[in-house]
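Let's take a friendly walk through the side-chain contacts here. Have the sequence and the 3D view open as you read.

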Amino acid sequence: MIKKTKIFCSVFSLLFFCNVTVFADESLDVNVTAVVEGHSSSSDDSGGGGGAISPYVNCSGYAYPNAKITVEIDDNNAGEFNAYNDGTFSYKIYGITSGIHDFSFYAKDLKYRSSKKLSFLLDVPNGSITNVSNIFISPTISSDKLEYGAKDKIKFDGYSMPNTPVYVVVNSSDGALKSFSKEVISDKNGYFEYDPTGSVFNYGDYFVTARALYAGIFSAFGSSVDFQVIDKISLSASRQKCSMKVDLNKDCEVNLLDFVVEFMWYKKPLTKEAKKRFDFNNDGKVDLADLSIMASYWTK
Amino acid sequence: MKIFMKKNVLKFCGFVAVFVMFSSVAFAMNVEVISAKKIFSVDDRFEVSFKVDAQGESINAVAGTIDFSSDLFSMEEIRNGNTIVGNWVQKPVPSNGVFDFSFIIPHGYKGVLSPYYSGYKPGKMFSAVFLAKKAGSGYIKISNGEAYLNDGKGTKTNSHSDTLYVDVSDTVNSSAKAYTKPKSVDFKDVLPPNKFVVLLSSDESISDGKCFLAFDAKVSGDGIDHYEIYEGKPNGLYGDNWVRAESPYVIKDQTLSSYIYVKAVDKNGNSKIEQVLPANLEPWYTYISFWVAIILGCFIPFFMTRFKFWRFK
């Protein structure tokens, strides 16, 4: 009986561990309402409703104080604007045709670090003013070094909404080591720091990411920062900017150019060099799984 | 009796275990196959929409085969405007008899937001116009469906497709016939394709490192019909120098000294042109217009003074 209980416990703890390490990628709580000409807010499921006005979208949400926010529609730049002093923003996007569009928002903080893109598909009805609120841009975060010795002091910092709890999560890249998270509070400028002094880092690869909580809403996890704990400090070239394997032309963007180059090898026999460059999941072929990996890291 | 009871309890437990196991297998993608009507007459055309329900997951790549009773229906047209598709990997083309399709959705897809409902709803990946050839009962569905999670690992997830059952009768049903006219017949879409991305690059994988263009346009109507490209000086833009092209397109002028224009033409003939400026502009003295301007600039004042002089004389 005792033996059975032990087995149960070990299975349970394994499941619990898995739950901790899996991040909710897109916790999007975006509210969408519309004012259609001649109507108030509508709940008609047909997506119809039409008037003479050309549609526009009224966006509002949360970023960081004075952050420079960029909005893209179907990968085209649709506007740049600054967030207010309190970190909130609102912006009207004109010149949109009705129909389904891919909206993306990202912010640059005062240290010119870009946030992870927040994207969603929105069906813009004809002849209406669509209000999209609660667009919560995830915090930025970076470390002061790329590699550390085991006894070196590590510091992570970033920007979020001011006076807001930010949850910084440190995880090992291969999932073998224990992950942990820490709550820090951003200051009045939205700046936060995280110093994991006292945390025991074994040698290995780690990544750190953060999400914020404001007005009862969680942002999605932001971009992750890789770092490595080794026995001596030395910057590794492989960890420099634009090192992502899916960024085939190394221009720091994952976009249509990388897609068409990858597509050239889609379901085709691979040379040794091509296998190294284009087979992202190392299964010996370039198929939809590889394109899916590329789509996950798409920037523009 | 005891043994009988024990056996029954074991059977029941086994059944419950199997039920619990299978009920926990959720499909991360369900394809909804939707038609406004399910009963048609011979020679009717009807539009069927294929919508993706991501069932709360975030997916970013989808593939499948359009499977239907080919003895009863023929597929006449694919409409891929106003859809969730980010970039086609394989477009379904009815003309060659192969109906496989695949595409990616950059940034991931959970559903489509709209002011007319709360939360996510399934979005259209494309619609197909079918022609009812003969009477009978048939089906339309997506087979060999594949979906991949937006997790950066290319994880394949379960998929499922609804089946649309359609009846075709010999009798002419006028109301169905009126309904099933293709949308483009009912009203003309006059909206041009949206502004689109045209990128210039080179890679050893494409024509031994020659410069190429990559482009992809979105459209809100029935979809993109084709692309055309013109390379040259802007004054030739309105001639018939345009050539049909597909992305990626290896440009002719590898010196990058020409203007490049890419025209996206939708299925209703509306078009949108995007321009790529030359990376290496030709020197000013190669432009004829410059020399014409110089000559006119010199000779017009000369003739003006002569004309004035002649008048006063």
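## A salt bridge in chain A

Which kind of contact do the side chains of A:D157 and A:R113 make? They meet in a salt bridge, with 2.9 Å from N to O. A:D157 sits in strand β11 (residues 156-159) of chain A and A:R113 in the loop between β6 (99-108) and β7 (118-124), so this pair ties together parts that are 44 residues apart in sequence. Keep in mind that this is a predicted model.

Both partners are buried: A:D157 has a relative accessible area of 6%, and A:R113 has 14%. Through shared partners, salt bridges join A:D109, A:K111, A:R113 and A:D157 into one network.

## Salt bridges in chain B

Over all chains, the structure holds 14 salt bridges. One of them links B:R79 with B:E47, whose closest N and O atoms are 2.7 Å apart. B:R79 belongs to strand β5 (residues 73-79) and B:E47 to strand β3 (residues 45-53) of chain B, so the pair ties together parts 32 residues apart in sequence. Here B:R79 is buried at 2% relative accessible area, whereas B:E47 is partly exposed at 28%.

## Rings and charges

Now for the aromatic side chains: the structure holds 31 aromatic pairs over all chains. Among them is the tilted pair of A:F81 and A:F89, at 5.7 Å centre to centre with 45° between the planes. Both of these residues, A:F81 and A:F89, are buried. They belong to a cluster in which ring pairs also link A:Y91, A:F103, A:F105 and A:F120.

Charges meet rings as well. A:R211 lies over the face of A:F221, 4.6 Å from the ring centre, and the charged end of B:K263 sits over the ring of B:W242, 4.5 Å from its centre.

Notes
Residues numbered from 1 in each chain as written. Chains lettered and ligands numbered in written order. Predicted model: local features only at pLDDT ≥ 70, side-chain atom pairs only at ≥ 80, totals over all residues. Heavy atoms only, no water. Phe/Tyr/Trp six-rings, centres within 6.5 Å; stacked < 30°, edge-to-face > 60°. Buried < 20%, exposed > 50% of the residue type's maximum accessible area, 1.4 Å probe, protein only. Lys NZ or Arg CZ within 6 Å of the ring centre and 35° of its normal. Salt bridge = Lys/Arg side-chain N within 4 Å of Asp/Glu carboxyl O. Helix = DSSP H or I, 4+ residues; strand = E, 2+ residues; numbered from the N terminus.
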